[in-house]
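The following paragraphs go through a model of two protein chains, taking one chain, then the other, then the contact between them. Keep the structure open while reading.

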Number of protein chains: 2
Amino acid sequence: MPRPRLSRPARKPPSRYHHGDLAHAMLQEAVRTIQKQGIAALTLRGVGERLGVSRTALYRHFADKQGLLAAVAAEGFRMLRAALVEAWDARGRGREGFEAMGAAYVRFAVAHTGHYRVMFGGVVPPGNEDCEVSVAGGDAFQALVDAIVEQQQRGLIVSDDPLQLARYIWSVVHGISMLALDGLLPTPAEAEALVRYANERLRTGIAQ
Amino acid sequence: MPRPRLSRPARKPPSRYHHGDLAHAMLQEAVRTIQKQGIAALTLRGVGERLGVSRTALYRHFADKQGLLAAVAAEGFRMLRAALVEAWDARGRGREGFEAMGAAYVRFAVAHTGHYRVMFGGVVPPGNEDCEVSVAGGDAFQALVDAIVEQQQRGLIVSDDPLQLARYIWSVVHGISMLALDGLLPTPAEAEALVRYANERLRTGIAQ
DNA sequence: TCCTTATGTTGACAGTGGCAACATTAAGCG
DNA sequence: CGCTTAATGTTGCCACTGTCAACATAAGGA
């Protein structure tokens with residue numbers, strides 16, 4: 001029940017009826033819920049309630065629950081891309097920066113479980129080449145491709161098809177992230193150790 | 001409504017009240033549903049209906065929906081393990097067999113989407129070290145470790161910690177599988193090409 | 001000022017997982 | 001054979017969920 005307005009509304013939350021930036025708040029709350037309790041526990045009613053808003057307010061900002069999840073995935077891919085290029089740039093865009101990129105990937109996955117699980121949980125039905133989440137995902141992948149091409153031009157990496165190389169490397173970091181998320185790498189330290197090991201073996205191969 | 005029994009029951013389905021092997025049938029039906037329509041579309045009522053059985057019959061064979069999904073995951077891990085050792089054994093337990101193992105992994109993931117999505121979708125809450133699914137998953141992983149150790153003893157693979165090596169290689173094949181499942185590798189042929197490429201780069205590394 | 005649009009709310013409905021109580025069959029045992 | 005008991009399947013019921021339609025409220029331009 002909406003308690004009667006006691007005094008005239010303050011400046012910052014002027015009305016309490018219109019939230020101001022509900023879409024963003026809902027995204028945040030959805031991510032927090034998934035991170036703490038898993039995707040299955042995400043409830044539109046719960047999100048609304050925790051934000052002090054009605055259960056269907058969401059429909060003014062997202063098409064439906066799928067839409068909310070798609071937005072989470074898209075935001076996740078944008079954040080991932082930012083983390084990747086940041087690591088790559090901050091460490092000199094050389095071999096060191098490239099390895100930092102890998103570490104940044106896994107660190108993102110572990111730190112932002114809520115996003116990551118939605119990004120790769122088969123939640124968004126694949127196919128739509130030009131939907132927001134596909135575009136964001138493609139951009140993140142492209143950051144890796146760009147770094148590979150740059151390394152190839154400096155002769156630091158074999159000059160195979162960059163796309164294939166990128167897929168291969170993406171598989172490695174994504175696989176490590178999944179192992180960590182599924183609790184198969186007990187501690188975060190173990191995850192970082194695996195990343196370091198993977199970087200070494202990635203460079204030199206496993207053949208004797 | 002159960003239509004009145006017109007003639008005495010035939011031999012094979014003697015009663016129609018007791019199904020005979022309902023647990024197995026439900027597993028099968030659940031997998032089929034997930035494969036065709038995704039995890040979100042899996043409904044206990046739907047499973048029961050499609051099997052000509054009541055909606056709550058499932059509870060005589062599984063604790064709840066989670067239990068059914070856990071059984072799917074466990075069965076998946078057992079099937080995966082069988083596929084891995086079969087490929088490893090059939091191709092001579094050498095380098096060729098080892099690469100066949102990788103190909104078999106990806107082939108399993110692509111062919112059994114229904115199982116694979118449950119195995120790695122974050123559906124089973126991690127932690128329980130000794131639950132059925134954890135054990136089955138550990139066994140599948142162990143098959144890879146064993147193959148690595150055997151290769152190391154023949155001097156075909158660098159003699160690093162086998163566990164770390166196994167995690168690294170598992171990450172590669174799991175990552176490729178995920179890319180394929182999420183539709184990022186358009187055709188199955190493209191997936192196989194990536195596996196072949198990964199095998200080559202896995203051996204020799206990416207450094208120039 | 002009034003009208004339009006954006007935003008939030010309430011009521012209602014079908015579908016879902018799950019529990020308790022009941023019905024039906026199979027299986028052991030004299 | 002008959003009786004008892006456990007296994008298996010069913011129905012009634014409940015709280016909860018996503019979603020839509022209708023309504024309420026606020027913000028902004030004319």
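Which residues are buried in α4(A)? The model is a predicted one, and in it A:G97, A:F98, A:A100, A:M101, A:G102, A:A104, A:Y105, A:V106, A:F108 and A:A109 of that helix are buried. Helix α4 of chain A covers residues 95–111.

Along its principal axes, the C-alpha trace of chain A spans about 75 × 35 × 35 Å. Of the 208 residues in chain A, 46% are buried. Among the contacts in chain A with a separation of 6 or more, 66% are between residues 24 or more positions apart.

A:R93 lies in the loop between α3 and α4 of chain A. Its phi is positive, about 50°, although A:R93 is not a glycine. Most residues other than glycine have a negative phi. With a relative accessible area of 31%, A:R93 is partly exposed.

B:R93 lies in the loop between α3 and α4 of chain B, and its phi is near 50°, a positive value in a residue other than glycine. Is B:R93 buried, partly exposed or exposed? Its relative accessible area is 32%, which means that B:R93 is partly exposed, since this class lies between the limits of 20% and 50%. B:Q37 and B:R93 are 56 residues apart in sequence, and their C-alpha atoms are 38 Å apart in space.

Helix α4 of chain B, residues 95–111, has 17 residues that should span 24 Å at 1.5 Å a residue; the end C-alpha atoms are 24 Å apart, in agreement with that value. Its buried residues are B:G97, B:F98, B:A100, B:M101, B:G102, B:A104, B:Y105, B:V106, B:F108 and B:A109. What covers them includes α3 (65–90), α5 (113–119), α6 (132–153), α7 and α8 of chain B. B:S177 lies in helix α7 of chain B and is buried, with a relative accessible area of 0%. Residues up to four places away in sequence aside, B:S177 touches B:Y105, B:V106, B:A109 and B:Y116. Of these, B:Y105, B:V106 and B:A109 are among the buried residues of α4(B).

What remains is the contact between the chains. How many residues does each chain give to the contact? Chain B gives 42 residues and chain A gives 43 residues. Between them the two chains bury about 3,700 Å², with 61% of that area on carbon and sulfur atoms. On the side of chain B, B:R167, B:Y168 and B:I206 lose the most area to chain A, and together they account for 20% of what that side buries.

The polar part of the interface can also be counted. Between chain B and chain A there are 17 residue pairs in polar contact, both residues being at pLDDT 80 or more. The rule finds 4 salt bridges across the interface. B:E190 forms a salt bridge with A:R167, in which the closest N and O atoms are 3.3 Å apart. In chain B, α7 (162–181) and α8 (188–204) each supply at least two residues of the side that touches chain A. The largest share of that side comes from α7(B), with 13 residues. By type, the residues of chain B that touch chain A divide into 23 nonpolar, 12 polar and 7 charged.

Methods:
Residues numbered from 1 in each chain as written. Chains lettered and ligands numbered in written order. Predicted model: local features only at pLDDT ≥ 70, side-chain atom pairs only at ≥ 80, totals over all residues. Heavy atoms only, no water. Contact = heavy atoms within 4.5 Å. Buried area = accessible area lost by both parts, 1.4 Å probe. Salt bridge = Lys/Arg side-chain N within 4 Å of Asp/Glu carboxyl O. Polar contact = N/O pair within 3.5 Å; in protein donor to acceptor, adjacent residues only side chain to side chain. Helix = DSSP H or I, 4+ residues; strand = E, 2+ residues; numbered from the N terminus. Nonpolar A, V, L, I, M, F, W, Y, C, P; charged D, E, K, R; others polar. Expected span 1.5 Å × (residues − 1). Buried < 20%, exposed > 50% of the residue type's maximum accessible area, 1.4 Å probe, protein only.
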